[in-house]
Amino acid sequence: MMPSVQLPDKEDIEGYFDRLYPLLRSITGEGLRETHKILSEIVPLEHFETPSGTKVFDWTVPKEWRVHDAYVVTPDGNRILDVQTNNLHLINYSSPFRGKVSKQVLDEHLYSLPDLPDAVPYIISYYKERWGFCISHTDRLLLPEGDYEIVIDTDFIDGSLTYSEAVLPGKSDQEILISAYTCHPSMANHELSGPLVTAFLYQCLASMKDRQLTYRFVFCPESVGVISYLAERGDLLREKTISAFVLNNIGLPRSFVYMRSSQGDSLGDRAVGCLAQKPEYPGVEFIDFYADGGSNWRHFSSPGFQIPTGCLMRCLLNGYPEYHTSLDNKNMISFAAIRESIKYMYHVCYVMENNRKFTNLFPFGEPQLGKRELYNNNIGGKYFDPSRQHSAIMWLLNLSDGDHDLIDVSTRANLDIDTVIDAAERLVDAGLIMPS
Amino acid sequence: MMPSVQLPDKEDIEGYFDRLYPLLRSITGEGLRETHKILSEIVPLEHFETPSGTKVFDWTVPKEWRVHDAYVVTPDGNRILDVQTNNLHLINYSSPFRGKVSKQVLDEHLYSLPDLPDAVPYIISYYKERWGFCISHTDRLLLPEGDYEIVIDTDFIDGSLTYSEAVLPGKSDQEILISAYTCHPSMANHELSGPLVTAFLYQCLASMKDRQLTYRFVFCPESVGVISYLAERGDLLREKTISAFVLNNIGLPRSFVYMRSSQGDSLGDRAVGCLAQKPEYPGVEFIDFYADGGSNWRHFSSPGFQIPTGCLMRCLLNGYPEYHTSLDNKNMISFAAIRESIKYMYHVCYVMENNRKFTNLFPFGEPQLGKRELYNNNIGGKYFDPSRQHSAIMWLLNLSDGDHDLIDVSTRANLDIDTVIDAAERLVDAGLIMPS
Amino acid sequence: MMPSVQLPDKEDIEGYFDRLYPLLRSITGEGLRETHKILSEIVPLEHFETPSGTKVFDWTVPKEWRVHDAYVVTPDGNRILDVQTNNLHLINYSSPFRGKVSKQVLDEHLYSLPDLPDAVPYIISYYKERWGFCISHTDRLLLPEGDYEIVIDTDFIDGSLTYSEAVLPGKSDQEILISAYTCHPSMANHELSGPLVTAFLYQCLASMKDRQLTYRFVFCPESVGVISYLAERGDLLREKTISAFVLNNIGLPRSFVYMRSSQGDSLGDRAVGCLAQKPEYPGVEFIDFYADGGSNWRHFSSPGFQIPTGCLMRCLLNGYPEYHTSLDNKNMISFAAIRESIKYMYHVCYVMENNRKFTNLFPFGEPQLGKRELYNNNIGGKYFDPSRQHSAIMWLLNLSDGDHDLIDVSTRANLDIDTVIDAAERLVDAGLIMPS
């Protein structure tokens, strides 16, 4: 059994959620910076700033976006679409604009979703100059004719792009990379769940005894954000990372969905795979790596890095209609689910930590278990020991040939991985096997 | 999308069919020679003649068979089973015979099919001296008692066996071998469809721009025919051929059936396989290579050559009862189907031509597609680009590691191969990838 | 077709069964020794005795157990649970005890099966000192209150553990190991069937002409018995054994069940696998190797030896409730089934003997079969040879490349292995192929 771990209280998670939710995040800027600052109360982050204009591989770090004010005044004098009310109203990275326009002109700068009429969509335009507002379709239909006053007081400055990192060292310098992205403004599941799970996972792992592996945590914006990070750390990651995880979309009270790495059999893939057999995690689904959508895993998995990166979620990215809208809010998520996500990832790490290969020190025939009290009973014939613990001991002795690791044993023997880990510990204690 | 290709008119195909159908073909002789001469109006064939008596591996080229006349006169004076009326009436390679025989003796030399009573069977006896006639079972039952006059005016001379070849060079000297056999007398699907498709395919490929691969076309009789060819060309084929096709049984208006090569994963197998996903070729069936029947593929696939040879058909060889009988005639086949067979094979060649491996020139993370106008839209968030073209671009960037070819990408990404080929071209044009 | 083999008469098998059944066998002792002596009437065994106290790998050969008498006298003076009546009544390796005890004390030393109330269970306690009796649950419930006189006149002496071996040499020194265990007292299927099949199989193989492989037969007790054997022979077995079999549980009139070796594709696994296609052995079931139960295969398969060991049975070990009880007696088994088990194993050996790789001596195209009378008919076209013999010839020519053995051909061609063996013989005789 996995040793119990101190998980954060739901209230504690919710507290951080409530502070982070209202911030106007983007791929640069103060909202992003503030987010990282708050997260560093949970995980001791080192912050990095890449200046605007820096070439990062094929990309250039954009100017930093600042938002001072943004709203629209209707012909009848009502102030609507105020970014202060809901920062989704303003297109992320909107150019500044000021002026009076007809309803028709305004209309060309409005974004709404006829199929989801109560939702304000989340729209970005990082690389194409554009101004505009996002509005619920219901509200849009009620807009009167006439002239509208537009105020978009934004500017672009020579600032920087923020990312942050924390490293939790283990005995080995083989690394597990765990990442979340922090560029999404006020949405709950996607994407505050990922940063919250990642940050609290750090806390749990920090308290793990005899940590073997080194864990590297990174928080950064998507795309140019992760590219900036890779420009700095890519060589090191390529050399040391044996398995990487992107955590996102992980706050819904649903079964887990795991996208395997491009390699399909990374340590992480195998650890998640064998845990999916446990009744305590019912209904885990697996999907194969895909390169034509999704998130930062594409960059980690690009031909120049090929870091085996999986993604743990509780829903496919497009698996819920509220995705990328104002409806992805606190009502959708569950802090119990977020807590369970932390536990599941911790369990995955526990399996990776313990997944060694062993050498049988008594490899010729079977060692005598009875004299070592490794039989649950000491009588034979019609009575025998049907326990899974006993099965695990027998299989381990057979497969401790230096070639099979514990996940192999678990799979081959169709035995719970935790039972196999426990059995290996008993056999090590009995002097029958040793790590290869 | 595959560039459009000028396919032959149905009338043109039919014209050649009508000229070829009546010829009395065999593994040697004038009918075979005339067939090759007519085919060389479509494809610039070089003709070869291997003299009778030549040792070709384990075989000896037989004497050339000549048929001057063959018929039977019934007791009541009717001339029947006249080879001039239907050359299937005479056993192929029948010995000469002349004389009056009882009905009982004649009966021992008649071949008919009780289960298919209206069909005249196609019977051969190349290596066992034998005379005889093939007759519909219906007619056989009506034969009166009495003496029959037999006239089989055939002879065997020191002649030669004919095969023909044409080579269409490409930039590479890697070769695709495409073959059909030409020893079958008056039958339509099996086997004039194969030679016709093969000959017109040459025309289509001759007009293909920037041909990479070299195509070798061969027309020859079965068995000792292909053995004779291999005796001459085997060493060269073994060295250069990367994929071979036997085209036969390919004139019925049915779905395609493809027998994979013995290797099971030749370039040809893979190209046919990925095209079978396209809705324009519905219902393509695949069968594994078999060595215990069928045609020339056995010889190409023999242990001494091991040329990976598939066979494209539109029906299994024994998949229609009319096979190897007079009922396999013009009524069975469709010139539209033959035309479609040419197109399908051309498409297969187009895929083989384009199936390269590429190297991503911006392998570190993802290159910035927006600035190169490789996004169909330049806005993000709730709006995204769901097109297959976009998917293909993303997958190609991920898999352009010098190890994956375009068929791999198509399979892995579950994307149409033509879409992948087009996307690769766009990425090459944009300077993002280059052939490995 | 496998050449016919002289199988033992059912009566002959039954005669040996009747002599062996009553013996009080254990992992040491006179019953075991006498068993091996009787078996050596069938197979010329060499007997080995490993002295008590000998260290064998991690184990120590125990003292030899002797049973002089054992019974219980009830309060009303009846002698029950007499080892002379049924040697299962006494716990195997029971310590000596003599005295008067209350029913309550006796009860702590009784073993019965409430779910199988008429069965006397088979109970062993080799390594824990313990005295006790096994009784049917029905009888147990009838025991009156009062004092019972216990007589267990056993002792433990510095004796030895017996195992026996016979080697049947073939032309090659590659070995097949066939083993059965002989420590089980009066039970029929499990386990007199295994020793009987093994012993008679020796006789059959001894009469096989031109034996290629060497067969090593071993009879020994389980666990410390096979460990003792391995201590002596392990190095030799590891070097020479290409496939091993444990034969047990093989006397029921049921379909065969075969547990594959740990490797999963040993010669034995493949031979049993292809025979399972034959209608004469209907319903053969396969299970994967398991290390957490079962018998001596665990020791042969331990990391220090890794001898690929399968197990042929006619029922899973726990597949019948009578297992390890007095109900596993002569009524359960069938001597016809035992005879059939001998035949099946002989057939497996026949396949292993003949499973060679061949080289086609006419590898370029197909050799001309007609002139060698290897066609069943010498006419072609609509008439063809659909026989499996012909298929086998064609496939063999294709796959005689030095890489494929006959089991490969059988599998790939979906042809009966015996047909393939016969065809190979015909092709060798015709000078077309030769062993690689």
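Biologist: How many residues of chain A are in contact with chain C?
Modeller: 24 residues of chain A are in contact with 26 residues of chain C. Contact here is when the C-beta atoms of two residues, placed from the backbone, lie within 7 Å. Keep in mind that this is a predicted model: local features need pLDDT of at least 70, side-chain atom pairs count only at pLDDT 80 or more, and totals for chains, interfaces and linings use all residues. Residues are numbered from 1 along each chain as its sequence is written, while chains are lettered from A and ligands numbered from 1 in the order in which they are written.

Biologist: Which strand of chain C does β19(A) pair with?
Modeller: With β8 (residues 123-124) of chain C, in the antiparallel sense over two bridges. Strands count as paired if DSSP finds at least two bridges between them. Within that pairing, Gly381(A) stands opposite Ile123(C).

Biologist: Switching to chain B, how many of its residues are in contact with chain A?
Modeller: 24 residues of chain B, against 26 residues of chain A. On chain B's side, the largest share is five residues from α10(B). There, β8 (residues 123-124) of chain A pairs with β19(B), antiparallel and over two bridges, and Ile123(A) sits opposite Gly381(B).

Biologist: What rotation puts chain A on chain C?
Modeller: A rotation of 120°, with 0.1 Å of shift along its axis, and the RMSD is 0.1 Å. The two copies are therefore related as by a three-fold rotation axis. The superposition is by least squares on the C-alpha atoms of residues with pLDDT of at least 70 in both. For chain B on chain A, the rotation is 120° with 0.0 Å of shift, RMSD 0.1 Å.

Biologist: Now inside chain A: at what angle do α1 and α9 pack?
Modeller: About 105°, with the axes of α1 (residues 10-20) and α9 (residues 335-354) 9 Å apart. The axes are lines fitted to C-alpha atoms over the stretch in contact, and angles run from 0 to 180 degrees between N-to-C directions. So α1(A) is roughly perpendicular to α9(A), a label for angles of 65 to 115 degrees.

Biologist: Which residues make that contact?
Modeller: Lys10(A), Ile13(A) and Glu14(A) on α1(A), and Phe335(A), Ala336(A), Ile338(A) and Arg339(A) on α9(A). By class they are four nonpolar, no polar and three charged.

Biologist: And His347(A), buried or exposed?
Modeller: Buried, because His347(A) has 20 C-beta neighbours inside 10 Å. The cut-off for buried is 20 or more other C-beta atoms within 10 Å, with 12 or fewer for exposed and partly exposed in between, using C-beta atoms placed from the backbone. His347(A) lies in α9 of chain A.

Biologist: What does His347(A) touch?
Modeller: Met2(A) and Leu275(A), leaving out residues up to four places away in sequence. His347(A) and Leu275(A) are 72 residues apart in sequence, with 8.0 Å between their C-alpha atoms.

Notes. Helices (H or I, at least four residues) and strands (E, at least two) are DSSP runs, numbered from the N terminus. Angles under 35 degrees count as roughly parallel, over 145 as roughly antiparallel, 65 to 115 as roughly perpendicular and the rest as oblique. Ala, Val, Leu, Ile, Met, Phe, Trp, Tyr, Cys and Pro count as nonpolar, Asp, Glu, Lys and Arg as charged, and the others, Gly among them, as polar.
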